[in-house]
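The following note sets out points on the model shown below. They are arranged by region, beginning with a single residue and its surroundings.

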Amino acid sequence: MSKNFRRAGAALFAAALTAASLVACSSEQAPQGGGDGGGESAAASDTIVLGFSQVGAESGWRAANTKSIQDTLTKENGFDLKFSDAQQKQENQIQAIRSYIQQQVDVIAFSPVVETGWDAVLEEAKAAGIPVILTDRAVDSEDDTLYESFIGSDFVEEGRRAGEWAKEQYDGEGYKAVELQGTTGAAPMIDRQKGFAEAIEGSDIEMIDSQTGNFTRTEGKQVMEGFLQKYDDIDLVFAHNDDMGLGAIEAIEAAGKVPGKDIKIITVDGVKDGMQALADGKINYIVECNPLLGPDLAEIAKKVVAGEEVEKRIVTQDEAFDQEAAKAALPDRQY
């Protein structure tokens, strides 16, 4: 079925689908639109109706990512954005995606909570002729025709860069390290752990424990408190994001130790709070993960709707920062 025919059909049946457009993504929250109605007005005005399911609001990075998407996919830029917060639950995302299919949106985009378990709902979107774009996180599927493109960072490379810096700085010191992992089963958790482990291989840095902190500051603090009670010889923390690293700082300070000196800290993300902690010497190194994916998503969505070819994998450009680089970057930091 051609995209033009499908969109025309969506306009004809929009009235019948009005009730369906109000289906909730969970029992607590329905997808919230950035526009003023459903598919009929959007199609009539050539506006692209895009349904986006966000992981949640677990971190400063995620807040910046959401803002970038909402600030870019506006009426002025030719979009009618329908946004839902999955509250870090895969079932909520699946319900939201099915709601978007019922609404016959033009494009579905989402950042998967976890990597696996998406084939069935993505096949439903494909059968409905609705293209899907992945942002930030990938899905683990053998059928890559289920989505048009994946926009996001190379998480393995992020972990590798963090590990290479740790190896360069601390190899030969006999450091014992702990790892604050992201959400179990999430692509950044799996890939950052892999990249870091590969990078420190052959060094005398020993990873003595790893546990999930679910990418949140609160859980990062709780896990770090547990590590400090269990071990009295921790030299290094690798946190899969800034928020967990910031939680670790609180736990380290409460234990009477100095973060960045007594216990070195390496994180991933580069949000302002993390960068400030780096500039203050409480974090030692940050590998950036750029959350400003809104412009890339808008560009790819327009190309997909126009029937143009798009790259299957779009890797965003990320930097890395030590203390001096953080001080230089902070005044102009966008997130």
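1. Gln54 touches Arg62, Asn65, Thr66, Phe83, Ser84, Asp85, Ala86, Gln93 and Ser111, leaving out residues up to four places away in sequence; contact means heavy atoms within 4.5 Å. The residue lies in strand S2 (residues 48-54). Gln54 is buried, at a relative accessible area of 0%, where buried means under 20% relative accessible area, exposed over 50% and partly exposed in between (1.4 Å probe, protein chains only). Thr66, 12 residues from Gln54 along the chain, has its C-alpha atom 7.5 Å from that of Gln54.

2. On the basis of the model: it is predicted, so that local features need pLDDT of at least 70 and side-chain atom pairs count only at pLDDT 80 or more, while totals for chains, interfaces and linings use all residues. Residues are numbered from 1 along each chain as its sequence is written, and side-chain values use heavy atoms, with hydrogens and water left out.

3. On the chain as a whole: its secondary structure comes to 12 helices and 13 strands. These are DSSP runs numbered from the N terminus, with helices (H or I) of at least four residues and strands (E) of at least two. Of the 335 residues, 54% count as buried. Among contacts with a separation of 6 or more, 77% are between residues 24 or more positions apart.

4. On the largest nonpolar core: 30 residues belong to it, and those with the most contacts inside it are Leu180, Met224, Phe227 and Ile234. Such a core is a set of buried Ala, Val, Leu, Ile, Met, Phe, Trp, Tyr and Cys residues joined through side-chain atoms within 4.5 Å. Two or more residues each come from strand S7 (176-181), helix H8 (217-230), strand S9 (236-239), H9 and helix H10 (272-279). H9 gives the largest share, six residues. Beyond its neighbours within four places in sequence, Met224 is in contact with Val178, Leu180, Ile234, Val237, Ala248, Ala251, Ile252 and Ile263.

5. On helix H9 (residues 242-254): its 13 residues reach 18 Å from first C-alpha to last, close to the 18 Å expected, the expected span being 1.5 Å times one less than the number of residues. The helix is mostly covered, with 10 of its 13 residues buried; among them are Met244, Leu246, Ile249 and Ile252. Gly256, which follows H9, has a positive phi near 85 degrees.

6. On Lys257: this residue is found in the loop between H9 and strand S10 (264-269). Lys257 is partly exposed, with a relative accessible area of 29%. Its contacts, not counting residues up to four places away in sequence, are Asp232, Ile252, Asp262 and Ile263.

7. On the packing of helix H6 (residues 155-170) with helix H7 (residues 187-200): the angle is about 35 degrees and the axes are 6 Å apart. Axes are lines fitted to C-alpha atoms, for helices over the stretch in contact, with angles from 0 to 180 degrees between N-to-C directions. The contact of H6 with H7 has nine nonpolar, three polar and eight charged residues. Here Ala, Val, Leu, Ile, Met, Phe, Trp, Tyr, Cys and Pro count as nonpolar, Asp, Glu, Lys and Arg as charged, and the others, Gly among them, as polar.

8. On helix H11 (residues 294-305): the buried residues are Gly294, Leu297, Ala298, Ile300, Ala301, Val304 and Val305. Just after H11, Gly307 takes a positive phi of about 80 degrees.
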